[in-house]
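Trainee: I would like to work through this model by question and answer. May we begin with the packing of its helices?

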Amino acid sequence: IARSPGNGGLHWGLGLAFLTSDRPREARAAFERARELMTITNRASAGLSCALAALGEIEGARRMLDEAKDLAERGRGSAVDVAIAYHWLGDDDQAYEWLDRALAAHEMWITFLHLDPRLARLRGTPRFDALTQV
């Protein structure tokens, strides 16, 4: 980031590292910066939704989720990222609906679900295990 401060993907990656290290305040700041820089995809708004949910800021998390959904529905983002945001908001039924969309669309991110630390709470559940075996 020091060498390329305008790279939104790097800020998103930092946000992910903070989020999965139980540092939601730092994740929020990193995702907010990523969102400023990454205007063509929903990854940053979905990540910010997760960080806000972790902080208990549910209204803000839902606003960012709506933004992420809108971008995904317009072909500017991943259904997997929307699913993850729903999961962090505690709505696993909607998360699975969006994971099914990602699977139907053959999104490449579906391949990595079993590794994604943001979905750790779903691992070992029959529905998640069935989805990752496809």
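Trainee: At what angle do helix 3 and helix 5 pack, and are they roughly parallel or roughly antiparallel?
Mentor: In this predicted model, the axes of helix 3 (residues 43-54) and helix 5 lie 9 Å apart, at an angle of about 10°. Angles under 35 degrees count as roughly parallel, and those over 145 as roughly antiparallel. Helix 3 and helix 5 are therefore roughly parallel.

Trainee: How do the residues of the contact of helix 3 with helix 5 divide into nonpolar, polar and charged?
Mentor: Helix 3 contributes Arg43, Ala46, Ser49, Cys50, Ala53 and Ala54, which meet Asp81, Ile84, Ala85 and Trp88 of helix 5. The division of these residues is seven nonpolar, one polar and two charged.

Trainee: Which backbone nitrogen does the side chain of Ser78 reach?
Mentor: A polar contact requires N or O atoms within 3.5 Å. The side chain of Ser78 comes to 2.9 Å from the backbone nitrogen of Val80.

Trainee: Is Glu59 buried or exposed?
Mentor: Glu59 lies in helix 4 (residues 58-73). The C-alpha atom of Glu59 is separated by 25 Å from that of Ala102, 43 residues apart along the chain. Because the relative accessible area of Glu59 is 63% and exposed means over 50%, Glu59 is exposed.

Definitions and conventions: Residues are numbered from 1 along each chain as its sequence is written. This is a predicted model: local features need pLDDT of at least 70, side-chain atom pairs count only at pLDDT 80 or more; totals for chains, interfaces and linings use all residues. Side-chain values use heavy atoms; hydrogens and water are left out. Helices (H or I, at least four residues) and strands (E, at least two) are DSSP runs, numbered from the N terminus. Buried means under 20% relative accessible area, exposed over 50%, partly exposed in between (1.4 Å probe, protein chains only). A polar contact is a pair of N or O atoms within 3.5 Å; within protein, one must be able to donate a hydrogen and the other to accept it, and residues adjacent in sequence count only if both atoms are side-chain atoms. Axes are lines fitted to C-alpha atoms, for helices over the stretch in contact, and angles run from 0 to 180 degrees between N-to-C directions. Angles under 35 degrees count as roughly parallel, over 145 as roughly antiparallel, 65 to 115 as roughly perpendicular and the rest as oblique. Contact means heavy atoms within 4.5 Å. Ala, Val, Leu, Ile, Met, Phe, Trp, Tyr, Cys and Pro count as nonpolar, Asp, Glu, Lys and Arg as charged, and the others, Gly among them, as polar.
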